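Subject: Structure for your review

Dear colleague,

Please find below the sequence and structure that I am handing over to you. My findings follow directly after them.

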Amino acid sequence: MAGNIRLYEVSPRDGLQNEPEIVSTDAKVALIERIVAAGFTDVEVTSFVSPRFIPQLADAAEVIARLPKAEGVRFWALVPNPVGLDRAVETGIRNIATFMSASETHNQKNVNRTVKESLAGLKKVIGGAAAHDIRVRSYISTALGCPYEGDVPVFKVVDLALALREAGANEIALGDTTGMGEPSQLQDLIGALVAAGIPVSDLACHLHDTRGTAVVNAYAAWKVGVTTFDGSIAGIGGCPYAPGAAGNASTEDLLHLFEREGCDTGIDLEAACEAGAFMSEVLGRTLPGRYHQYWLGARARRAKLAAGS
Ligand code: MG
């Protein structure tokens, strides 16, 4: 066995917030049930960003109230600010995720604040979460490049990661927001974060497949010790504020990669593919994940053969 891989499933939140339709609460709960049944241990289920900005996830409290009872599964919600934290605490959720960008322009466009202002706000959120014994993961967006500024210096990402850790973040998720990163760059960034004192086991990679590099970047990160990867079933979603951004890393692509490498993910690839087929039906279109598309094609061929025999 080549070791354990932890896949952190983001489709109910990062996937659906960037789809044009508003998916029903029933369909969201049905998706989460399928994800849990497939064996995922970490699922980001919704967001407490104001419904004025993300109407797709306005039913956050209801989704949390209807989560399946699942031993050993951590459900996560995105929290933007202290108001969002209050709403999250009310629902009883035990794990939250915060977000901000390493680059000034993307942060301004995304949350209308400077990096310094965002960090000050998130320190309050992270401290408040700790007071409720809530686990925190902190996303650093544009960690591998900014669509407005281009290269993002490694020291900016390292300084921000250290500040978030000092505030109490348990896990740092490196976001390649518009899929600009390449494998050796990602390995260098991980090396710098580890050299700065952050255990590699507390790092996660949130990769995007905008330029077709999500899987190769995941492989490169794994080769330098990262074992937590974010995926979205069938590759749905992305970042709504970054021009040209499309396609979270597809969960099925990552699962296939790590299974073939002999890793233990604890997840049933077929069941994950069934969840992808379900989302394709709900959204009524072909979804971007490569393995998802391969699997649907293979299933259709099997059905045709069965019908003809
Ligand atoms: Mg994403």
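In this predicted model, a magnesium ion is held by four named donors: Asp14 through OD, His206 and His208 through NE2, and Asn248 through OD1, at 2.0 to 2.2 Å. Along the sequence, the donor residues follow the spacing D-x191-H-x1-H-x39-N. Asp14 and Asn248 are both buried.

Turning to the chain as a whole, the protein has twelve helices and eight strands. Its radius of gyration is 18 Å, close to the 19 Å that the globule rule gives for 309 residues, so the chain is as compact as a globular protein of that length. Along the principal axes, the C-alpha atoms fill a box of roughly 65 × 40 × 35 Å. Of the 309 residues, 54% are buried. Among contacts with a separation of 6 or more, 74% are between residues 24 or more positions apart.

The largest nonpolar core contains 98 residues, of which Ile96 and Phe229 touch the most other members. Helix α11 (residues 269-283) contributes the largest share of this core, namely eight residues. Leaving aside residues up to four places away in sequence, Phe229 touches Ile5, Arg6, Leu7, Tyr8, Cys205, Ala218, Ala221, Trp222, Leu254 and Phe258.

Helix α9 (residues 214-223) has Ala214, Asn217, Ala218, Ala220, Ala221 and Trp222 as its buried residues. These buried residues pack against α8 (183-195), β7 (203-206), β8 and α10. After α9 comes Gly225, which has a positive phi near 110°.

I also examined the charged pairs. How many salt bridges does a search of the whole structure find? The search finds 14. One of them joins Arg66 to Asp26, with 2.8 Å between the closest N and O atoms. Arg66 lies in the loop between α3 (60-65) and β3 (74-78), and Asp26 in helix α2 (residues 25-38), so this pair ties together parts that are 40 residues apart in sequence. Arg66 counts as partly exposed at 33% relative accessibility, whereas Asp26, at 52%, counts as exposed. Arg66 also meets the side chain of Glu62 in a salt bridge (3.5 Å, N to O). Glu62 is partly exposed, with a relative accessible area of 41%.

Another salt bridge is formed by the side chains of Asp202 and Arg165 (2.9 Å, N to O). Asp202 is located in the loop between α8 and β7 and Arg165 in helix α7 (residues 154-167), so the pair ties together parts that are 37 residues apart in sequence. Is Asp202 buried or exposed? At 19% relative accessibility, Asp202 counts as buried, while Arg165 is partly exposed with a relative accessible area of 25%. Finally, salt bridges with shared partners join Arg6, Asp42, Arg74, Arg137, Glu171 and Asp230 into one network.

With kind regards

Key:
Residues numbered from 1 in each chain as written. Predicted model: local features only at pLDDT ≥ 70, side-chain atom pairs only at ≥ 80, totals over all residues. Heavy atoms only, no water. Donors = N, O, S within 2.8 Å, 3.2 Å for Na, K, Ca; no water. Buried < 20%, exposed > 50% of the residue type's maximum accessible area, 1.4 Å probe, protein only. Core = buried A, V, L, I, M, F, W, Y, C linked by side-chain atoms within 4.5 Å. Helix = DSSP H or I, 4+ residues; strand = E, 2+ residues; numbered from the N terminus. Contact = heavy atoms within 4.5 Å. Rg over C-alpha atoms; globule rule 2.2 N^0.38 Å. Salt bridge = Lys/Arg side-chain N within 4 Å of Asp/Glu carboxyl O.
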